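Welcome! Grab a pencil, look at the structure shown here, and try each exercise before you read its solution.

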Amino acid sequence: MPDTPAPYQLHHCVSARSFRALWTLEELQQPYELLMLPFPPRALARSYLELNPLGTVPLLRHGAARLTESAAICEYLAALHPQQALAVGAQESDFAAYLNWLHMSDATLTFPQTLVLRYTHFEPPERLQPQVAQDYARWFLARLRAVEAAVQSQQWLCAGRFTAADVAVGYALMLAVHLGLAAQWGPATQAYWQRLQARPAFARALAAEHAAALAQGVPTTPSPLLRP
């Protein structure tokens with residue numbers, strides 16, 4: 001533990017949605033304390049419910065602020081630290097696109113994948129629903145066409161630069177890799193994913209969660225790959 005509390009405390013599971021917050025903190029080069037939890041924390045770390053009654057990650061604590069929505073954390077951090085230009089301001093022409101990508105990243109791209117994960121792996125055998133999983137995998141891939149169209153003619157999603165929207169959508173792609181859906185992406189999305197992985201902050205975030213998991217006695221296996 002640091003002698004002086006870091007300004008940000010992030011509760012995180014390996015490769016869970018909280019990775020968005022971790023990656024954003026690394027992009028902004030802000031000091032933070034990374035508090036690792038076994039997945040799912042609501043079942044395996046019951047004391048965590050005292051901090052977050054939902055039992056989900058992320059939880060970002062910053063002074064009196066408490067945030068539990070991963071895309072909102074990206075927006076919050078980017079707005080608080082404008083020097084890195086991860087936010088798109090209201091005066092910029094791509095402000096609407098930026099907000100739309102942030103919200104699309106979770107509500108439209110991550111949500112269907114959680115159903116694929118649940119009904120392929122996380123439910124008991126008698127409750128597995130292969131047809132549901134297939135339907136929502138197709139849903140995700142159909143919605144991903146918006147990303148394919150956006151990055152065919154530009155490196156990043158909006159504003160002519162890397163923003164928090166790329167972090168948020170980037171996690172949806174990361175989850176898709178874990179679910180074995182990447183082979184069905186278009187070529188522009190494949191190239192975009194390679195650019196995202198090449199960012200030094202992305203590599204630092206992966207290294208940070210691995211080191212923290214080892215140090216805190218939490219399994220290092222990515223959460224989407226754990227099996228009950």
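A residue counts as buried if its relative accessible area is under 20%. Tyr-192, with a relative accessible area of 0%, is therefore buried. Please keep in mind that this is a predicted model.

**Exercise 1. Describe the aromatic pair of Phe-19 and Trp-23, and say where its residues sit.**

Step 1. A pair of aromatic rings is described by the distance of the centres and the angle of the planes. The structure holds 12 aromatic pairs. For Phe-19 and Trp-23, the centres are 6.1 Å apart and the planes make an angle of 55°, which gives a tilted pair.

Step 2. Both residues belong to helix H1 (residues 19-28). They are four residues apart there, so about one helical turn separates them.

Step 3. Check the burial of each partner. Phe-19 has a relative accessible area of 0% and is buried. Trp-23 also counts as buried, at 0% relative accessibility.

**Exercise 2. Describe the aromatic pair of Trp-156 and Tyr-192, then look at what surrounds Trp-156.**

Step 1. Trp-156 and Tyr-192 form an edge-to-face pair, with 6.2 Å from centre to centre and 65° between the planes.

Step 2. This pair links distant parts of the chain, as its residues are 36 residues apart. Trp-156 is in the loop between helix H6 (145-150) and helix H7 (164-178), whereas Tyr-192 is in helix H8 (residues 187-197).

Step 3. Trp-156 has a relative accessible area of 12%, so it is buried.

Step 4. Look at the wider group. One aromatic cluster is formed by Phe-19, Trp-23, Trp-156, Phe-162, Trp-185, Tyr-192, Trp-193 and Phe-202. Which residue lies over the face of Trp-156? That is Arg-199, at 5.6 Å from the ring centre. Arg-199 also lies over the face of Phe-162, at 3.6 Å from the ring centre.

**Exercise 3. Work out the strand order of the open sheet and how its strands pair.**

Step 1. Strands of a sheet pair through backbone hydrogen bonds, either parallel or antiparallel. This open sheet has four strands in the order E2-E1-E3-E4, with mixed pairing. Its edge strands, strand E2 (32-36) and strand E4 (65-67), each pair on one side only.

Step 2. Begin with E1 and E2. They pair in the parallel sense over five bridges. His-11 has Leu-35 in E2 as its bridge partner.

Step 3. Move on to E1 and E3, which run antiparallel and are joined by three bridges. Leu-10 stands opposite Leu-60 in E3.

Step 4. Finish with strand E3 (residues 59-62) and E4, which are antiparallel and joined by three bridges. Arg-61 stands opposite Arg-66 in E4, and the bridge partner of His-62 in E4 is Ala-65. The hairpin of E3 and E4 has two residues between the strands, and Gly-63 takes a positive phi near 60° in this hairpin.

**Exercise 4. Decide how enclosed E2 is, and find which helices lie across the sheet's strands.**

Step 1. Five of the five residues of E2 are buried, so this strand is largely enclosed by the rest of the structure.

Step 2. In a regular strand the side chains alternate between the two faces of the sheet. In E2, Tyr-32, Leu-34 and Met-36 point one way, while Glu-33 and Leu-35 point the other way.

Step 3. H1 lies across strand E1 (8-12) and E2, and runs at about 145° to E1. Helix H3 (residues 70-80) lies across E1, E3 and E4, and runs at about 30° to E3.

Technical notes. Residues numbered from 1 in each chain as written. Predicted model: local features only at pLDDT ≥ 70, side-chain atom pairs only at ≥ 80, totals over all residues. Heavy atoms only, no water. Phe/Tyr/Trp six-rings, centres within 6.5 Å; stacked < 30°, edge-to-face > 60°. Buried < 20%, exposed > 50% of the residue type's maximum accessible area, 1.4 Å probe, protein only. Lys NZ or Arg CZ within 6 Å of the ring centre and 35° of its normal. Pairing = 2+ DSSP bridges. Contact = heavy atoms within 4.5 Å. Axes fitted to C-alpha atoms, helices over the stretch in contact; angles between N-to-C directions.
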